[in-house]
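Here are some questions about how the labels for this structure are reached. Each answer sets a value against its cut-off.

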Amino acid sequence: MKFGQEFAQALASEGFPQHWVDSAIGYKNLKKCIKKVQRELSEIGLDASTIQHLSGPIAADDSPEPEKSFENRHFVSTAEPGLGRISEEFSPQMHLLVDSVTGEPLDAALTPETKKHLEKLARHEMLIKGRHAELGHATHRVGSIGSIDSFDVDRRDSEYSIASSKHDSQHTAKWIQVPLASAKDFFDLLEPKLQELEALNTAEEAKLEGDILDLGDMVEDVTEPVREGFEAKRAVSYRDLYFWREMFRLYMEKPIFYSSTEQNRGALTFTEAKSRLQAYDAQLRDTGLLAKLKTPQAKLAARRFLDVNLDILKIMQFQEMNARAMTKILKKFDKRTHLDNQNYLLDLRKRHPTLLTNGSAKQASGFANSIARDLSAEISSKVLAIVPQLDDWTCPVCYAMAWRPVSLGCCKSVFCIRCIIKLQDEGMKRCPCCNKETVMGADGRNLHFETMDFLEKYFPLEVKKRQKENEKAALAREYGEEFVKPGCVIM
(Lines give C-alpha, C1' and ligand atoms only; values in the text may rest on other atoms or scores of the structure.)
Protein backbone atom coordinates (compact mmCIF):
# COMPACT_ATOMS: atom_id res chain seq x y z
CA MET A 1 0.00 0.00 0.00
CA LYS A 2 1.31 3.46 -0.91
CA PHE A 3 2.08 5.94 1.84
CA GLY A 4 -0.74 8.29 0.82
CA GLN A 5 -3.30 5.51 1.23
CA GLU A 6 -1.78 4.40 4.54
CA PHE A 7 -1.84 7.99 5.81
CA ALA A 8 -5.50 8.55 4.84
CA GLN A 9 -6.54 5.18 6.27
CA ALA A 10 -4.75 5.84 9.58
CA LEU A 11 -6.42 9.26 9.94
CA ALA A 12 -9.83 7.65 9.39
CA SER A 13 -9.43 4.52 11.51
CA GLU A 14 -7.21 5.41 14.51
CA GLY A 15 -9.93 7.29 16.38
CA PHE A 16 -8.28 10.72 16.31
CA PRO A 17 -10.52 13.67 17.27
CA GLN A 18 -12.02 15.42 14.25
CA HIS A 19 -10.17 18.70 14.88
CA TRP A 20 -6.91 16.73 14.81
CA VAL A 21 -7.81 15.20 11.45
CA ASP A 22 -8.75 18.63 10.06
CA SER A 23 -5.27 19.96 10.92
CA ALA A 24 -3.39 17.02 9.35
CA ILE A 25 -1.12 17.46 6.34
CA GLY A 26 -3.19 17.44 3.11
CA TYR A 27 -0.99 14.83 1.49
CA LYS A 28 -3.35 14.05 -1.43
CA ASN A 29 -3.87 17.70 -2.38
CA LEU A 30 -0.15 18.42 -2.14
CA LYS A 31 0.55 15.56 -4.56
CA LYS A 32 -1.89 17.15 -7.03
CA CYS A 33 -0.03 20.46 -6.71
CA ILE A 34 3.26 18.72 -7.52
CA LYS A 35 1.73 17.43 -10.77
CA LYS A 36 0.65 20.99 -11.63
CA VAL A 37 4.21 22.18 -11.04
CA GLN A 38 5.49 19.49 -13.42
CA ARG A 39 3.00 20.59 -16.10
CA GLU A 40 3.90 24.26 -15.66
CA LEU A 41 7.61 23.56 -16.03
CA SER A 42 6.95 21.37 -19.04
CA GLU A 43 4.94 24.13 -20.74
CA ILE A 44 7.94 26.47 -20.71
CA GLY A 45 10.28 23.73 -21.86
CA LEU A 46 11.89 22.96 -18.51
CA ASP A 47 11.98 19.19 -18.27
CA ALA A 48 14.10 17.26 -15.76
CA SER A 49 17.25 17.15 -17.91
CA THR A 50 17.07 20.88 -18.69
CA ILE A 51 16.64 21.84 -15.03
CA GLN A 52 19.52 19.59 -14.04
CA HIS A 53 21.67 21.26 -16.71
CA LEU A 54 20.72 24.71 -15.44
CA SER A 55 21.77 23.66 -11.94
CA GLY A 56 25.33 22.89 -13.10
CA PRO A 57 28.32 25.28 -12.85
CA ILE A 58 29.09 27.85 -15.54
CA ALA A 59 31.70 26.80 -18.09
CA ALA A 60 34.84 28.88 -17.67
CA ASP A 61 35.50 29.57 -21.36
CA ASP A 62 32.19 29.64 -23.22
CA SER A 63 29.78 31.35 -20.82
CA PRO A 64 29.85 34.91 -19.52
CA GLU A 65 30.69 35.45 -15.88
CA PRO A 66 29.30 38.21 -13.68
CA GLU A 67 31.77 40.62 -12.18
CA LYS A 68 31.06 39.61 -8.60
CA SER A 69 29.85 36.56 -6.75
CA PHE A 70 26.24 35.80 -5.91
CA GLU A 71 25.77 35.30 -2.16
CA ASN A 72 29.52 34.60 -1.85
CA ARG A 73 29.39 31.65 -4.26
CA HIS A 74 29.66 31.05 -8.03
CA PHE A 75 26.62 31.53 -10.24
CA VAL A 76 24.94 28.35 -11.34
CA SER A 77 24.78 28.22 -15.12
CA THR A 78 22.60 31.00 -16.58
CA ALA A 79 19.55 30.07 -14.57
CA GLU A 80 19.01 29.26 -10.93
CA PRO A 81 16.03 26.92 -10.43
CA GLY A 82 15.93 27.51 -6.68
CA LEU A 83 13.27 28.33 -4.13
CA GLY A 84 14.27 31.35 -2.10
CA ARG A 85 12.63 32.84 0.97
CA ILE A 86 10.88 36.22 0.86
CA SER A 87 10.31 37.85 4.23
CA GLU A 88 6.53 38.31 4.29
CA GLU A 89 5.30 35.68 1.84
CA PHE A 90 7.04 32.81 0.14
CA SER A 91 6.97 33.06 -3.69
CA PRO A 92 8.83 30.34 -5.63
CA GLN A 93 10.64 31.51 -8.76
CA MET A 94 13.55 30.81 -11.06
CA HIS A 95 16.39 33.28 -11.51
CA LEU A 96 17.43 33.55 -15.17
CA LEU A 97 20.40 35.40 -16.72
CA VAL A 98 19.34 37.09 -19.96
CA ASP A 99 20.54 39.74 -22.39
CA SER A 100 19.30 43.05 -21.00
CA VAL A 101 18.42 44.34 -24.49
CA THR A 102 16.91 41.36 -26.30
CA GLY A 103 15.83 39.26 -23.32
CA GLU A 104 17.47 36.21 -24.84
CA PRO A 105 18.55 33.58 -22.25
CA LEU A 106 22.35 33.36 -22.18
CA ASP A 107 22.71 29.61 -22.29
CA ALA A 108 23.61 28.02 -25.59
CA ALA A 109 22.60 24.55 -24.36
CA LEU A 110 18.91 25.45 -24.06
CA THR A 111 16.65 24.14 -26.80
CA PRO A 112 15.10 26.67 -29.18
CA GLU A 113 11.63 25.99 -27.79
CA THR A 114 12.78 26.59 -24.19
CA LYS A 115 14.64 29.75 -25.22
CA LYS A 116 11.53 31.01 -26.98
CA HIS A 117 9.35 30.55 -23.88
CA LEU A 118 11.90 32.07 -21.51
CA GLU A 119 12.66 34.99 -23.85
CA LYS A 120 8.95 35.82 -23.99
CA LEU A 121 8.75 35.88 -20.18
CA ALA A 122 11.92 37.98 -19.96
CA ARG A 123 10.78 40.59 -22.49
CA HIS A 124 7.43 40.85 -20.75
CA GLU A 125 9.10 41.55 -17.42
CA MET A 126 11.56 44.02 -18.90
CA LEU A 127 8.69 45.92 -20.57
CA ILE A 128 6.61 46.14 -17.37
CA LYS A 129 9.65 47.04 -15.31
CA GLY A 130 10.60 49.81 -17.72
CA ARG A 131 7.14 51.33 -17.50
CA HIS A 132 7.20 51.32 -13.73
CA ALA A 133 10.67 52.85 -13.72
CA GLU A 134 9.30 55.77 -15.77
CA LEU A 135 6.54 56.18 -13.18
CA GLY A 136 9.09 56.35 -10.38
CA HIS A 137 8.64 52.89 -8.91
CA ALA A 138 12.02 51.85 -7.65
CA THR A 139 11.26 48.17 -7.35
CA HIS A 140 8.85 46.00 -9.23
CA ARG A 141 8.79 42.35 -10.10
CA VAL A 142 6.33 40.65 -12.42
CA GLY A 143 4.43 37.82 -10.80
CA SER A 144 5.56 38.70 -7.27
CA ILE A 145 3.17 38.65 -4.35
CA GLY A 146 4.02 40.40 -1.10
CA SER A 147 7.05 42.55 -0.40
CA ILE A 148 10.70 41.75 -1.02
CA ASP A 149 13.37 42.45 1.55
CA SER A 150 16.20 44.85 0.73
CA PHE A 151 18.69 42.06 0.17
CA ASP A 152 16.50 40.43 -2.48
CA VAL A 153 15.88 43.77 -4.21
CA ASP A 154 19.60 44.49 -4.45
CA ARG A 155 20.32 40.96 -5.54
CA ARG A 156 17.64 40.66 -8.20
CA ASP A 157 17.88 44.17 -9.64
CA SER A 158 21.66 44.09 -10.07
CA GLU A 159 23.06 44.24 -13.59
CA TYR A 160 26.42 42.84 -14.52
CA SER A 161 28.63 43.78 -17.48
CA ILE A 162 29.62 40.95 -19.78
CA ALA A 163 32.75 40.72 -21.87
CA SER A 164 31.80 38.30 -24.64
CA SER A 165 32.48 38.02 -28.36
CA LYS A 166 28.81 37.21 -28.95
CA HIS A 167 27.57 40.57 -27.55
CA ASP A 168 28.66 44.09 -28.25
CA SER A 169 29.95 46.39 -25.53
CA GLN A 170 26.54 48.03 -25.03
CA HIS A 171 24.85 44.78 -23.97
CA THR A 172 24.64 43.71 -20.36
CA ALA A 173 23.48 40.55 -18.64
CA LYS A 174 20.64 40.79 -16.20
CA TRP A 175 19.03 38.42 -13.68
CA ILE A 176 15.25 38.17 -14.02
CA GLN A 177 12.72 36.18 -12.03
CA VAL A 178 10.37 33.63 -13.54
CA PRO A 179 7.49 33.13 -11.08
CA LEU A 180 6.15 29.60 -10.60
CA ALA A 181 2.44 29.96 -9.77
CA SER A 182 1.71 26.27 -9.22
CA ALA A 183 4.74 25.90 -6.93
CA LYS A 184 3.38 28.78 -4.89
CA ASP A 185 0.05 26.95 -4.58
CA PHE A 186 1.96 23.95 -3.16
CA PHE A 187 3.59 25.97 -0.40
CA ASP A 188 0.43 27.99 0.25
CA LEU A 189 -1.28 24.69 1.08
CA LEU A 190 1.62 23.42 3.18
CA GLU A 191 2.41 26.45 5.37
CA PRO A 192 -1.02 26.82 7.08
CA LYS A 193 -0.99 23.12 7.98
CA LEU A 194 2.36 23.52 9.70
CA GLN A 195 0.98 26.38 11.75
CA GLU A 196 -2.12 24.34 12.64
CA LEU A 197 0.00 21.37 13.73
CA GLU A 198 2.16 23.61 15.89
CA ALA A 199 -0.91 25.21 17.51
CA LEU A 200 -2.43 21.74 18.08
CA ASN A 201 0.79 20.54 19.69
CA THR A 202 0.86 23.53 22.06
CA ALA A 203 -2.80 23.08 23.04
CA GLU A 204 -2.54 19.32 23.61
CA GLU A 205 0.64 19.66 25.66
CA ALA A 206 -1.05 22.23 27.89
CA LYS A 207 -4.10 19.96 28.29
CA LEU A 208 -1.98 16.92 29.14
CA GLU A 209 0.10 18.90 31.62
CA GLY A 210 -3.15 19.82 33.40
CA ASP A 211 -4.21 16.15 33.37
CA ILE A 212 -0.86 15.15 34.86
CA LEU A 213 -1.24 17.69 37.67
CA ASP A 214 -4.72 16.33 38.44
CA LEU A 215 -3.33 12.80 38.38
CA GLY A 216 -0.60 13.83 40.83
CA ASP A 217 -3.26 15.08 43.24
CA MET A 218 -5.15 11.78 42.95
CA VAL A 219 -2.01 9.70 43.56
CA GLU A 220 -1.01 11.84 46.52
CA ASP A 221 -4.45 11.48 48.04
CA VAL A 222 -4.35 7.66 47.92
CA THR A 223 -0.69 7.20 48.91
CA GLU A 224 -0.22 9.80 51.65
CA PRO A 225 0.04 7.75 54.86
CA VAL A 226 -2.77 8.38 57.32
CA ARG A 227 -1.80 9.93 60.64
CA GLU A 228 -3.83 9.96 63.82
CA GLY A 229 -7.09 11.83 63.49
CA PHE A 230 -7.33 11.43 59.73
CA GLU A 231 -8.68 7.88 59.45
CA ALA A 232 -12.29 9.05 59.29
CA LYS A 233 -11.55 11.58 56.55
CA ARG A 234 -9.56 9.48 54.09
CA ALA A 235 -10.10 5.82 53.28
CA VAL A 236 -6.47 4.85 52.72
CA SER A 237 -4.78 1.49 53.01
CA TYR A 238 -1.10 1.70 53.89
CA ARG A 239 -0.55 -1.39 51.73
CA ASP A 240 -1.66 0.60 48.66
CA LEU A 241 1.46 2.70 49.14
CA TYR A 242 3.61 -0.40 48.56
CA PHE A 243 1.58 -1.42 45.51
CA TRP A 244 2.00 2.07 44.02
CA ARG A 245 5.71 1.98 44.80
CA GLU A 246 6.08 -1.27 42.88
CA MET A 247 3.97 0.07 40.00
CA PHE A 248 6.19 3.13 39.68
CA ARG A 249 9.37 1.08 40.06
CA LEU A 250 8.36 -1.06 37.08
CA TYR A 251 7.44 2.09 35.15
CA MET A 252 10.85 3.68 35.74
CA GLU A 253 12.71 0.44 35.12
CA LYS A 254 11.95 0.70 31.41
CA PRO A 255 10.68 4.24 30.61
CA ILE A 256 7.82 4.41 28.14
CA PHE A 257 8.45 7.61 26.20
CA TYR A 258 11.99 8.81 26.84
CA SER A 259 15.20 6.84 27.13
CA SER A 260 18.11 8.12 29.20
CA THR A 261 20.55 5.36 28.31
CA GLU A 262 23.82 6.35 26.69
CA GLN A 263 23.27 4.24 23.58
CA ASN A 264 19.74 5.43 22.83
CA ARG A 265 19.22 8.74 24.60
CA GLY A 266 16.17 10.70 23.55
CA ALA A 267 12.46 10.42 22.83
CA LEU A 268 11.34 6.99 21.65
CA THR A 269 9.28 6.39 18.52
CA PHE A 270 5.55 5.76 18.72
CA THR A 271 6.08 2.09 17.83
CA GLU A 272 8.64 1.56 20.59
CA ALA A 273 6.63 3.54 23.15
CA LYS A 274 3.49 1.53 22.31
CA SER A 275 5.40 -1.74 22.72
CA ARG A 276 6.77 -0.65 26.11
CA LEU A 277 3.39 0.52 27.37
CA GLN A 278 1.82 -2.81 26.38
CA ALA A 279 4.63 -4.69 28.16
CA TYR A 280 4.11 -2.53 31.28
CA ASP A 281 0.37 -3.19 31.26
CA ALA A 282 1.05 -6.93 30.96
CA GLN A 283 3.42 -6.75 33.95
CA LEU A 284 0.74 -5.09 36.07
CA ARG A 285 -1.75 -7.78 35.16
CA ASP A 286 0.71 -10.66 35.68
CA THR A 287 1.74 -9.41 39.12
CA GLY A 288 -1.84 -8.61 40.06
CA LEU A 289 -0.91 -5.14 41.34
CA LEU A 290 -4.06 -3.48 40.01
CA ALA A 291 -6.28 -6.12 41.58
CA LYS A 292 -4.46 -5.83 44.92
CA LEU A 293 -5.30 -2.15 45.38
CA LYS A 294 -7.66 -1.91 48.33
CA THR A 295 -9.63 1.33 47.98
CA PRO A 296 -11.82 2.43 45.03
CA GLN A 297 -9.93 5.74 44.93
CA ALA A 298 -6.63 3.93 44.45
CA LYS A 299 -8.06 1.80 41.61
CA LEU A 300 -9.49 4.88 39.92
CA ALA A 301 -6.14 6.69 40.16
CA ALA A 302 -4.37 3.66 38.68
CA ARG A 303 -6.74 3.59 35.70
CA ARG A 304 -6.25 7.32 35.21
CA PHE A 305 -2.48 6.85 35.25
CA LEU A 306 -2.73 4.37 32.37
CA ASP A 307 -5.20 6.62 30.52
CA VAL A 308 -2.81 9.59 30.65
CA ASN A 309 -0.08 7.42 29.14
CA LEU A 310 -2.47 6.36 26.37
CA ASP A 311 -3.36 10.01 25.67
CA ILE A 312 0.32 10.89 25.33
CA LEU A 313 0.81 7.92 23.02
CA LYS A 314 -2.07 8.97 20.76
CA ILE A 315 -0.86 12.54 20.20
CA MET A 316 2.64 11.16 19.60
CA GLN A 317 1.25 8.85 16.91
CA PHE A 318 -0.63 11.68 15.20
CA GLN A 319 2.29 14.10 15.15
CA GLU A 320 4.77 11.43 14.08
CA MET A 321 2.50 10.50 11.15
CA ASN A 322 2.38 14.14 10.04
CA ALA A 323 6.14 14.58 10.39
CA ARG A 324 6.63 11.57 8.12
CA ALA A 325 4.05 12.90 5.64
CA MET A 326 5.81 16.27 5.66
CA THR A 327 9.21 14.74 4.94
CA LYS A 328 7.86 12.49 2.19
CA ILE A 329 5.95 15.23 0.36
CA LEU A 330 8.98 17.54 0.33
CA LYS A 331 11.15 14.72 -1.01
CA LYS A 332 8.52 14.02 -3.67
CA PHE A 333 8.47 17.71 -4.62
CA ASP A 334 12.24 17.69 -5.00
CA LYS A 335 12.26 14.43 -6.98
CA ARG A 336 9.38 15.27 -9.34
CA THR A 337 10.19 18.95 -10.06
CA HIS A 338 14.01 18.90 -9.68
CA LEU A 339 13.77 22.36 -8.10
CA ASP A 340 16.22 23.08 -5.32
CA ASN A 341 14.16 23.63 -2.14
CA GLN A 342 17.06 23.68 0.34
CA ASN A 343 16.57 27.37 1.17
CA TYR A 344 12.94 26.71 1.98
CA LEU A 345 13.84 23.70 4.15
CA LEU A 346 16.43 25.72 6.07
CA ASP A 347 13.86 28.43 6.72
CA LEU A 348 11.29 25.78 7.68
CA ARG A 349 13.64 24.28 10.26
CA LYS A 350 14.20 27.72 11.79
CA ARG A 351 10.49 28.41 12.16
CA HIS A 352 9.43 24.85 13.08
CA PRO A 353 12.58 23.25 14.54
CA THR A 354 10.75 20.20 15.92
CA LEU A 355 8.57 19.41 12.92
CA LEU A 356 10.59 17.43 10.37
CA THR A 357 11.85 13.92 10.92
CA ASN A 358 15.30 13.67 12.50
CA GLY A 359 16.46 10.77 10.34
CA SER A 360 16.69 8.32 13.23
CA ALA A 361 14.57 5.17 13.22
CA LYS A 362 14.96 4.83 17.01
CA GLN A 363 13.80 8.29 18.07
CA ALA A 364 10.52 10.14 17.74
CA SER A 365 10.17 12.63 14.89
CA GLY A 366 8.63 16.05 14.61
CA PHE A 367 6.43 17.37 17.40
CA ALA A 368 6.22 13.82 18.81
CA ASN A 369 9.78 14.29 20.04
CA SER A 370 8.98 17.36 22.14
CA ILE A 371 5.77 15.76 23.45
CA ALA A 372 7.60 12.63 24.61
CA ARG A 373 10.42 14.61 26.20
CA ASP A 374 8.33 17.27 27.95
CA LEU A 375 5.49 15.09 29.20
CA SER A 376 7.83 12.33 30.35
CA ALA A 377 9.57 14.94 32.51
CA GLU A 378 6.19 16.15 33.79
CA ILE A 379 5.15 12.64 34.85
CA SER A 380 8.47 12.08 36.60
CA SER A 381 8.33 15.31 38.59
CA LYS A 382 4.58 15.60 39.23
CA VAL A 383 3.53 11.95 39.71
CA LEU A 384 6.39 9.48 40.16
CA ALA A 385 8.15 11.72 42.69
CA ILE A 386 5.11 11.55 44.99
CA VAL A 387 5.88 7.96 45.97
CA PRO A 388 9.49 7.68 47.27
CA GLN A 389 11.55 4.67 46.26
CA LEU A 390 13.65 2.72 48.74
CA ASP A 391 16.74 2.98 46.52
CA ASP A 392 16.84 6.73 47.20
CA TRP A 393 17.31 6.15 50.93
CA THR A 394 19.92 3.40 51.14
CA CYS A 395 23.06 3.61 53.26
CA PRO A 396 26.28 3.76 51.13
CA VAL A 397 27.98 1.30 53.52
CA CYS A 398 25.49 -1.57 53.96
CA TYR A 399 23.21 -0.78 50.96
CA ALA A 400 20.13 -1.24 53.14
CA MET A 401 17.67 1.42 54.27
CA ALA A 402 19.40 4.06 56.40
CA TRP A 403 17.76 3.32 59.74
CA ARG A 404 18.29 6.07 62.32
CA PRO A 405 19.91 8.15 59.57
CA VAL A 406 23.12 10.04 60.36
CA SER A 407 24.44 12.95 58.33
CA LEU A 408 28.16 13.64 58.77
CA GLY A 409 27.79 17.19 57.46
CA CYS A 410 30.60 16.87 54.92
CA CYS A 411 28.30 15.78 52.05
CA LYS A 412 24.65 14.95 51.40
CA SER A 413 25.03 11.23 52.08
CA VAL A 414 22.98 9.65 54.86
CA PHE A 415 24.27 6.59 56.79
CA CYS A 416 22.83 4.08 59.23
CA ILE A 417 23.71 4.85 62.81
CA ARG A 418 24.94 1.27 63.18
CA CYS A 419 27.29 1.66 60.17
CA ILE A 420 28.81 4.84 61.63
CA ILE A 421 29.37 3.11 64.99
CA LYS A 422 31.03 0.21 63.18
CA LEU A 423 33.32 2.56 61.24
CA GLN A 424 34.32 4.28 64.50
CA ASP A 425 35.06 0.91 66.13
CA GLU A 426 37.31 0.04 63.19
CA GLY A 427 39.15 3.36 63.45
CA MET A 428 38.11 4.65 60.03
CA LYS A 429 38.26 8.45 60.09
CA ARG A 430 37.24 9.38 56.54
CA CYS A 431 33.74 9.59 55.07
CA PRO A 432 33.21 6.68 52.63
CA CYS A 433 31.67 9.08 50.08
CA CYS A 434 33.67 12.33 50.11
CA ASN A 435 36.82 11.15 51.96
CA LYS A 436 36.78 13.95 54.55
CA GLU A 437 37.77 13.19 58.17
CA THR A 438 34.34 13.46 59.78
CA VAL A 439 33.54 9.92 60.99
CA MET A 440 35.22 10.04 64.43
CA GLY A 441 33.49 13.28 65.35
CA ALA A 442 29.95 11.96 64.73
CA ASP A 443 27.64 11.67 67.74
CA GLY A 444 23.95 12.03 68.62
CA ARG A 445 23.89 15.55 67.22
CA ASN A 446 24.39 14.11 63.72
CA LEU A 447 21.11 12.21 63.77
CA HIS A 448 18.83 13.51 61.01
CA PHE A 449 15.41 13.54 62.68
CA GLU A 450 13.48 14.89 59.68
CA THR A 451 14.70 12.02 57.53
CA MET A 452 13.91 9.60 60.36
CA ASP A 453 10.29 10.79 60.49
CA PHE A 454 10.04 10.63 56.69
CA LEU A 455 11.25 7.03 56.59
CA GLU A 456 8.90 5.96 59.38
CA LYS A 457 6.03 7.56 57.47
CA TYR A 458 6.66 6.10 53.98
CA PHE A 459 8.58 2.90 54.80
CA PRO A 460 6.93 1.54 57.99
CA LEU A 461 7.62 -2.15 57.26
CA GLU A 462 11.25 -1.53 56.34
CA VAL A 463 11.79 0.57 59.49
CA LYS A 464 10.47 -2.23 61.72
CA LYS A 465 12.69 -4.74 60.00
CA ARG A 466 15.77 -2.53 60.30
CA GLN A 467 14.97 -1.83 63.98
CA LYS A 468 15.07 -5.55 64.78
CA GLU A 469 18.33 -5.93 62.86
CA ASN A 470 19.83 -2.99 64.77
CA GLU A 471 18.77 -4.38 68.17
CA LYS A 472 20.36 -7.70 67.28
CA ALA A 473 23.58 -5.97 66.17
CA ALA A 474 23.69 -3.96 69.43
CA LEU A 475 23.41 -7.14 71.52
CA ALA A 476 26.14 -8.80 69.45
CA ARG A 477 28.43 -5.80 69.98
CA GLU A 478 27.89 -5.81 73.74
CA TYR A 479 27.75 -9.54 74.51
CA GLY A 480 29.37 -11.20 71.50
CA GLU A 481 28.12 -13.04 68.44
CA GLU A 482 27.37 -16.23 70.39
CA PHE A 483 24.77 -14.41 72.43
CA VAL A 484 22.52 -13.71 69.45
CA LYS A 485 23.01 -17.03 67.61
CA PRO A 486 19.81 -19.14 67.53
CA GLY A 487 20.00 -22.39 69.47
CA CYS A 488 17.97 -24.95 71.33
CA VAL A 489 16.23 -23.74 74.45
CA ILE A 490 15.10 -26.21 77.17
CA MET A 491 12.18 -24.96 79.15
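Q: Which residues does T223 touch, not counting residues up to four places away in sequence?
A: T223 touches L241, W244, I386 and V387. Touching means heavy atoms within 4.5 Å. The model is predicted: local features need pLDDT of at least 70, side-chain atom pairs count only at pLDDT 80 or more, and totals for chains, interfaces and linings use all residues. Residues are numbered from 1 along each chain as its sequence is written, and side-chain values use heavy atoms, without hydrogens and water.

Q: Why is T223 called buried?
A: Buried means under 20% relative accessible area, exposed over 50%, and partly exposed in between (1.4 Å probe, protein chains only). T223 has 3% relative accessibility, so T223 counts as buried.

Q: Why does E224 count as partly exposed?
A: Its relative accessibility is 21%, so E224 falls in the partly exposed class. E224 lies in the loop between α7 and α8 (238–253).

Q: What makes the pairing of E224 with K457 a polar contact?
A: A polar contact is a pair of N or O atoms within 3.5 Å; within protein, one must be able to donate a hydrogen and the other to accept it, and residues adjacent in sequence count only if both atoms are side-chain atoms. The side chains of E224 and K457 make such a contact at 2.6 Å.

Q: Why are α3 and α7 called roughly antiparallel?
A: Angles over 145 degrees count as roughly antiparallel, under 35 as roughly parallel, 65 to 115 as roughly perpendicular, and the rest as oblique. Helices α3 (residues 27–43) and α7 (residues 181–223) pack at about 165 degrees, with axes 8 Å apart. The pair is therefore roughly antiparallel.

Definitions and conventions:
Axes fitted to C-alpha atoms, helices over the stretch in contact; angles between N-to-C directions. Helix = DSSP H or I, 4+ residues; strand = E, 2+ residues; numbered from the N terminus.
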